[in-house]
Amino acid sequence: MNRWRLVAGGVAGAAGAAAAVVVLRRGGNPRLRQNLRLRRGVAALLLVARGGARYAGSAHKLFAAAGEHRQRLRNDLALQTAEDVATTLGTMKGVLMKLGQMASYVDDGLSPGVRRTLSRLQDSVPPMSAELAAQVVAEELGGPPDQVFARWDPDPIAAASIGQVHRAITRDGRAVAVKVQYPGIAETIAADLGNVALLRRMLRITAPSQDVDALLAELRERVLEELDYRREADNQRLFARYYAGHPTILVPAIVDELSTRRVVTSELADGARFAELAGWSQAERDLAAETIYRFVFRSLYELHAFNGDPHPGNYLFHGGGRVTFLDFGLVRRFTADELEPLMQMARYLCVEHDPEEFRRNLVKAGFLRADAPLSTDQVIEHMAVFYDTVRESRPLTMTGDYSSAVVRRFFDMRSPVTTYAQIPRSYVILQRINLGLFGLLGELIATANWRAIAEEIWPFVLGPPTTPMGEAEAAWRKARGPAR
Amino acid sequence: MSVTAEPYATAAGLVERSAAAYVSGVPEHPADDGFFGPASVTWKISGDLAGPIAGLRSLLMQALHPLAMAGVDQHSGWREDPVGRLAATSAYVTTVSFGERAAAERAAARVRRIHTRVSGVDPVTGRRYEASDPALLLWVHAALVESALAVRRLFGPAIGPADADRYVAEMVVAAELVGVPAARVPASVAELDRYLESVRPELRRTPAASESMAYLLDPPGLDAEVAEIWQDIRYGAVVALPEWAREMYGYEAPPLTAGRREEIRQVLGVLDAVFLGEPGVLEARQRIAARMRAARA
């Protein structure tokens, strides 16, 4: 068993599957479809009624409610000193944990041994003790938390990858979530990321077409970005500003004066966790999936930004399709030039039905070598699977099984296309997240006409609303004026 | 050159079996704190990442005593199952360090019993040996204690001279457990150094030591990624040897720079992550960490 190579393969594999998509039951179950139509009416009402219900309760009620989701964190293991942090997350472990987090969005392609190692590593990080967290807050915000905030819960409500989340009430009465970074972690991870030779060894990839150095460069850059919470706050502000007033997409506002390099404070939100959706009606799950789908593609095409962390813990669900998006630590912003070929690929394959132009853009984006001695039919045959949900306008059900099939396709070294395919560095994160995202939608077993929704969003189509949510969104867009 | 023609078995499964050995030595609901306890320097040192380097360095030292080497070579099943032999040693050391007193005593009694059956003649010096000889046991003990300190000095977070003395003193009981009278066991760093100096004239590299150590420095059959990591562990162990020991073996090691030290700690971190992925290791670590944190308060 070759653990680190497989880790690398997993990362790269996730990265390589362009717009992975999950289809099992084409058209879905007829009874289900009818139910959906009926429930859509109800959903539209819910959407309209939403209004200012975002933070319905008082700050204190919210403060109490958010704590109900407190994860079981081992306080007997709490990190008490910066040295404890260094022992637990230093010497490559923090870096491996981040790489593992990235790899973990793929359910397939990782051997059980690798997956176990990486998930154990994530489990191995205990919370900070109340004193250590307070010390970081004091260093960052100029005073101990019980002075800086009107109320401070010393017990964290959630673990973050390199920190933990505390709830608090600000002096002006807002319920907030305060993410506090482990002291010294940024320095140790930055130092460990400097050992490129060792990282390369761990990422060594068997496929000749994959460029380890490009992958490594992108991963290093993204992880380094995550170490500075100010960048995360900037990203969250960008999304919060853009989605202000959106009927179903909620992004908690950043509290500027309480956000620094190692502390980021945002409005506290409460809602159902991803796991709880299992007990919700399929109609509700479909709406939640529709919101996530719209969020991802609107953000990409209009904000030119991709929130790269489809971890189930980063969503809160409120019913009626309303979803709060949390954690903007891993956001990739794209230039128009980077985005253009992606857009053209979708356009020529799905809308214009022009395979040669599709291929030209594939090459232009760097996914395929220009001199690949392959027929365009072969290329289409290989790549089309990644566009399955948006090639035809009809209801499709996403399932988990198919996401595995897509990953396997990516790993299919027998395909002649694989030899000439690669993942350009700018898209590494995008592709990886795509897989994770569709994995999530697959877990919801969500049905929608994804093509119709995509047409609403695709800048080269800008189709009319096709669902109640689309109508509510169109009204929001009209009211808010042009993006950005 | 070769004394015995027995081939060595491969080192496949080294990580898995070491992990299982470690887990077996860390009790779930201990009745007492054992012979050291969560506030001891021993626990602190035993938990460091550099453990594999200290372990290898300690074997390199121990093997330089011809009688100790002959005993291992001729009796322990070392050649047929080197990984099993190493795992058994790990399990023993872990049990004595972290186990409750009764468990440590049981493990020690078993070792003493096995030792009574181990005796013979060293083919190189022609001297008779018995594994239960306190002089040999003391050598093995001292080499282990001194290796832990030497490796900690080079690779670990620094520990002060007072803690180093405390560690040597704490470890006296480990020697007693296998049958060395406490009065003969060094109880401070200075005593330990004097003792090692006194043994030096007896030390030499026998063919059995050369062969065994060549095997350990480059174990065949490791998983590819562990084999790469092993190169750094080997370098760490060799560079941490006293110069005279390196010369005896004829090893060369470029001097340790600050940058190289950092790289080696990073590699050790990766190995530790692999180790953590083995069943039960994380839980065993957490049991120890929780007790150590509680003892701090």
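Two strands count as paired here if DSSP finds at least two bridges between them. Helices (H or I, at least four residues) and strands (E, at least two) are DSSP runs, numbered from the N terminus. With that in hand, Ile169(A) has Ala175(A) as its bridge partner in strand 4 of chain A.

This is a predicted model, where local features need pLDDT of at least 70, side-chain atom pairs count only at pLDDT 80 or more, and totals for chains, interfaces and linings use all residues. Residues are numbered from 1 along each chain as its sequence is written, chains are lettered from A and ligands numbered from 1 in the order in which they are written, and side-chain values use heavy atoms, with hydrogens and water left out.

## Chain A in outline

Chain A carries 20 helices and twelve strands. Of its 484 residues, 61% are buried, a label that means under 20% relative accessible area, with exposed being over 50% and partly exposed in between (1.4 Å probe, protein chains only). Take the contacts in chain A (heavy atoms within 4.5 Å) between residues at least 6 apart in sequence: 76% of them join residues at least 24 apart.

Let's start with strand 3 of chain A, where seven of seven residues are buried. Gly163(A), Val165(A), Arg167(A) and Ile169(A) point one way, Gln164(A), His166(A) and Ala168(A) point the other way, and all are buried. Strand 4 (residues 175-181) of chain A is also mostly covered, with seven of its seven residues buried. From strand 4, Ala175(A), Ala177(A), Lys179(A) and Gln181(A) face one way, while Val176(A), Val178(A) and Val180(A) face the other.

Strands of a sheet pair through backbone hydrogen bonds, either parallel or antiparallel. Here are the pairings around these two strands, with one bridge partner pair for each.

| Strands of chain A | Sense | Bridges | A bridge pair |
|---|---|---|---|
| Strand 1 (residues 151-152) and strand 3 | antiparallel | two bridges | Trp152(A) and Ala168(A) |
| Strand 2 (residues 158-160) and strand 3 | antiparallel | three bridges | Ala159(A) and Gln164(A) |

Strand 2 and strand 3 of chain A form one with two residues between them. Strand 3 and strand 4 of chain A form another with five residues between them, and Gly173(A) in that turn has a positive phi of about 90 degrees.

## The three-stranded sheet

Chain A also has an open sheet of three strands in the order 5-9-8, with mixed pairing. Strand 5 (249-250) and strand 8 (315-319) of chain A each have a single partner strand and stand at the edges, so one side of each is left without a neighbour in the sheet. Strand 5 and strand 9 of chain A run parallel, joined by two bridges, and Leu250(A) has Thr324(A) of strand 9 as its bridge partner. Helix 13 (residues 282-303) of chain A lies across strands 5, 8 and 9, running at about 45 degrees to strand 9. Axes for such angles are lines fitted to C-alpha atoms, for helices over the stretch in contact, and the angles run from 0 to 180 degrees between N-to-C directions.

## Positive phi in two loops

Most residues other than glycine have a negative phi. Which residues of chain A go the other way? Asp327(A) is one of them, with phi near 70 degrees, and it sits in the loop between strand 9 (322-325) and strand 10 (331-333) of chain A. His353(A) has a phi near 50 degrees, also positive. His353(A) lies in the loop between helix 14 (336-351) and helix 15 (355-365) of chain A, and it counts as exposed at 56% relative accessibility.

## Over in chain B

Helix 1 (residues 14-25) and helix 14 (residues 258-276) of chain B pack at an angle of about 70 degrees, their axes 10 Å apart. The contact uses Val15(B), Ser18(B), Ala19(B) and Tyr22(B) from helix 1 and Leu271(B), Val274(B) and Phe275(B) from helix 14.

Helix 14 of chain B also holds Asp272(B), which is buried, with a relative accessible area of 10%. Leaving out residues up to four places away in sequence, Asp272(B) touches Lys93(A), Leu49(B) and Arg285(B).
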